[in-house]
Amino acid sequence: TGVAHILEHTALCGSDKYPTRDPFFAMLKRSLSTFMNAMTGADYTMYPFATQNQEDFYNLLGVYLDASFFPKLSRGDFLQEGHRLEFNKADDPDSGLAIKGVVFNEMKGAMGSQAARYSRELSAALFPKSTFHHNSGGDPVAIPTLTHEQLQEFHRTHYHPSNARFFTYGDMPLEPILKRAQELALSKFERLDVSALDVTDEVRYSEPQRVEVTVPSDALVADKEKQSVVSVAWLQINQITEEDSGLESFALGVASDLLLSGNQAVFYDSLIEPGLGSGFSPGTGYGGSRRETSFSVGLKGVKEDDVDEVERTVMSTLEKVAEEGFPRERVSATLHQLELSAARVSTQFGLGAAFGCMTTWVHGGDALRPLRTAEFAAALEKALDADPEYWQKLIKRRFLDNPHRVTIVGKADSEYDAKLEAAEAERVAAMESALSEDEKKVIVAEAAELKAAQETPSDVSCLPTLTTDAIPRLAQTYDAKLE
């Protein structure tokens, strides 16, 4: 239903202390923020912000804390951000019914391409039972089944300090930040048992699976005979329960680079060069951002008759790597690039660390894993020195002998989108035919109320404002020395 995604939107539509409409966007004009956003994944929602001004930081902290823990979550905001029924002419019940809503329309657009549909089907096949099976953004078919009461209940159980993680990065003292968070939000809650919200491990397949799905045609592919997509994917490391998962996950990330990146990569030579497809399939690469990691490789723009050949080539290529391993000089070059990249502190370094740590931290794992690149690189070099067949064993164990393998074949349908629209029109027609006169009046009334609320000027005086007194007149300088 996309409940977490819709809640992310609705939480930013006003709160107890800041009841103004859209405080999030209003703060963009009252702040020197260098980053403000919100995002939802399959296992967490994050509300990150950044600024170089201390007073601005505390202003934003207060707004974000109130939005997260004490949002209004009004029915009107739910109808606006999530989904609602509305007549094509809002005040005319005879003008035809339609489903509207910010997230509903957003997800219809997000799922409109072949790549998006195929990636979604790939994840669903690779994760048959756990939370990662579902579309965290919301399936446009299921979004209209979510109720306002379910949204409120989800907030009550999930948006609680007992289920929260706080990440700060920068040169401000930590204790005053924690004190402010305690005063503004955390002190107003009692500890809650949230163990029932823990993400469970995926149920592993005992033998390889093959799945065929229907996807939209790719408008960018001129040859209509080359519209199929095929991937072979594996579920690999449990980053929470497996010992030495940090090193193995790092090693698989390196292996992914050696297999896929650049003209010298192993799969480029075996899959791209022969012209079996137009490029790597959506989702190709190592996925280390979930509780359990995965790897996928395949091709898009494939002739239907060549699908089996792509699968055979993937497996034979891995068998070759399991015999020969990777050249040590290429491994060292890849590690060197990874270490240089990790050592470079960019303007978004803190945000990158925040995003990276959530992968394992939200599940009770190592929060600092994204910062351990140099440590893992040294450990991998040591492991390669100790065992000349390290790569061969890793490829065999995590790929060739791994039964949780899925081959997913996407068959293109040029009428895919038209069929979706027809199915939606049929569902809406069924809803409309079942409406009573009183229900039609409610739809008209709610549309009028929503329009009035949207057109009413919002009073933003309750929001904090960064004044010129708090802004340095001179650019900040930093001492630097060459070592």
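**Notebook: loop residues looked up**

I began with R21, which touches C13, A453, Q454, T456 and S458, leaving aside residues up to four places away in sequence. The model I am reading is predicted.

**R21**
I placed R21 in the loop between α1 and α2. I then asked what its side chain reaches. The side chain of R21 comes to 2.7 Å from the backbone oxygen of A453. A polar atom of that side chain also lies 3.0 Å from the backbone oxygen of T456. R21 has 29% relative accessibility, so I log R21 as partly exposed. I also took one distance across the model.

**D22**
Next I looked at D22. D22 lies in the loop between α1 (3–11) and α2 (23–28). Its phi is near 60°, a positive value, and D22 is not a glycine. I noted this because most residues other than glycine have a negative phi. D22 is partly exposed, with a relative accessible area of 31%.

**L73**
I found another positive phi at L73, about 50°, again in a residue that is not a glycine. L73 sits in the loop between α3 (54–69) and α4 (75–81). Is L73 buried or exposed? I log L73 as buried, because its relative accessible area is 6% and the cut-off for buried is under 20%.

**N402**
I moved on to N402, in the loop between α15 (390–400) and β12 (405–413). N402 has 10% relative accessibility, so I count N402 as buried. Which backbone atoms lie by its side chain? The backbone oxygen of L235 is 2.8 Å from a polar atom of the N402 side chain. The backbone nitrogen of H404 is 3.0 Å from a polar atom of that side chain. I also listed the contacts of N402, not counting residues up to four places away in sequence. They are W234, L235, Q236, K396 and R397.

**F167 and its patch**
Which residues make the nonpolar patch of about 310 Å²? I found F167, Y169 and V345. F167 has its place in the loop between α7 (148–158) and α8 (174–184). At 32% relative accessibility, I log F167 as partly exposed.

Key: Residues are numbered from 1 along each chain as its sequence is written. This is a predicted model: local features need pLDDT of at least 70, side-chain atom pairs count only at pLDDT 80 or more; totals for chains, interfaces and linings use all residues. Side-chain values use heavy atoms; hydrogens and water are left out. Helices (H or I, at least four residues) and strands (E, at least two) are DSSP runs, numbered from the N terminus. Buried means under 20% relative accessible area, exposed over 50%, partly exposed in between (1.4 Å probe, protein chains only). A polar contact is a pair of N or O atoms within 3.5 Å; within protein, one must be able to donate a hydrogen and the other to accept it, and residues adjacent in sequence count only if both atoms are side-chain atoms. Contact means heavy atoms within 4.5 Å. Patches are made of residues with over 30% relative accessible area and no salt bridge: like charges are joined within 9 Å, nonpolar side chains (Val, Leu, Ile, Met, Phe, Trp, Tyr) within 5 Å. Accessible areas come from the Shrake-Rupley method with a 1.4 Å probe; for residues, only the protein chains shown count as cover. A salt bridge is a side-chain nitrogen of Lys or Arg within 4 Å of a carboxyl oxygen of Asp or Glu.
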